[in-house]
Amino acid sequence: MSLLRIFKQFTRSIATVLGLMCLMVDLSGAQALEKPGDKVVLTLSGQINRVNEGKTAAFSLLMLSRLPQHTVFTKSPWYPAGAEFTGPLLRDVLRAVGGQGKTITAYALNDYKTEIPLEDALKYDVILARLMNGQAMAVRDKGPLFVVYPFDAVAELRTQVYYNRSAWQVNRLHIH
């Protein structure tokens with residue numbers, strides 16, 4: 001066997017071992033979640049594997065902006081002409097904390113709460129919007145976070161059931 005061939009096999013073996021180690025760390029929940037360096041805007045609790053504040057996972061807007069970002073333009077009862085919303089997918093936020101369960105209870109600053117089936121986050125590109133039309137959302141403009149379904153992309157979402165799940169001023173998610 002040539003030295004080059006041995007080196008390539010060795011490199012593949014090391015890459016495989018490292019990949020498996022990363023997967024094991026991810027599945028065990030041992031991977032650390034960074035601490036928020038600025039104001040906490042979202043707290044997750046319940047059936048989560050990664051925490052950074054006691055038994056909860058706290059996120060700042062900066063932390064949320066570091067997750068993969070997605071943008072959707074959609075019309076809704078609140079924005080009949082449509083608006084562009086940007087933020088991480090809800091499923092990416094759940095993945096970041098190792099969230100497992102069947103239901104997400106979203107709580108808003110004004111004490112509104114709604115139940116979102118975890119299946120919605122997996123089936124649809126539900127965004128936890130932090131920007132509207134490219135701008136951070138103030139509390140008076142449904143911010144700082146707004147659960148936005150892709151209403152224009154999926155006709156079955158244009159019902160009161162899904163509109164009720166689109167909570168704004170979200171500050172807590174509980175997975176159960």
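Predicted model: local features only at pLDDT ≥ 70, side-chain atom pairs only at ≥ 80, totals over all residues.
A search of the whole structure finds 5 salt bridges, and three of them, including the pair of arginine 91 and aspartate 125, are set out below.

| Salt bridge | N to O distance |
|---|---|
| arginine 91 and aspartate 125 | 2.3 Å |
| aspartate 120 and arginine 165 | 2.7 Å |
| lysine 123 and glutamate 156 | 3.7 Å |

In the pair formed by arginine 91 and aspartate 125, the side chains meet at 2.3 Å, N to O. Arginine 91 belongs to helix H3 (residues 90-97), whereas aspartate 125 sits in the loop between helix H4 (118-123) and strand S7 (127-129), so this contact ties together parts that are 34 residues apart in sequence. Arginine 91 counts as buried because its relative accessibility is 19%, under the 20% limit, while aspartate 125, with a relative accessible area of 40%, is partly exposed.

Helix H4 also supplies aspartate 120, whose side chain meets that of arginine 165 in a salt bridge of 2.7 Å, N to O. Arginine 165 lies in helix H5 (residues 160-165), and the pair therefore ties together parts that are 45 residues apart in sequence. Both aspartate 120 and arginine 165 are buried.

Lysine 123, likewise in helix H4, is paired with glutamate 156, which lies in the loop between strand S10 (146-148) and H5, and the two residues are 33 apart in the chain. Their side chains meet at 3.7 Å, N to O. Lysine 123 is exposed, with a relative accessible area of 52%, and glutamate 156 is partly exposed, with a value of 44%.

Terms used
Residues numbered from 1 in each chain as written. Heavy atoms only, no water. Salt bridge = Lys/Arg side-chain N within 4 Å of Asp/Glu carboxyl O. Helix = DSSP H or I, 4+ residues; strand = E, 2+ residues; numbered from the N terminus. Buried < 20%, exposed > 50% of the residue type's maximum accessible area, 1.4 Å probe, protein only.
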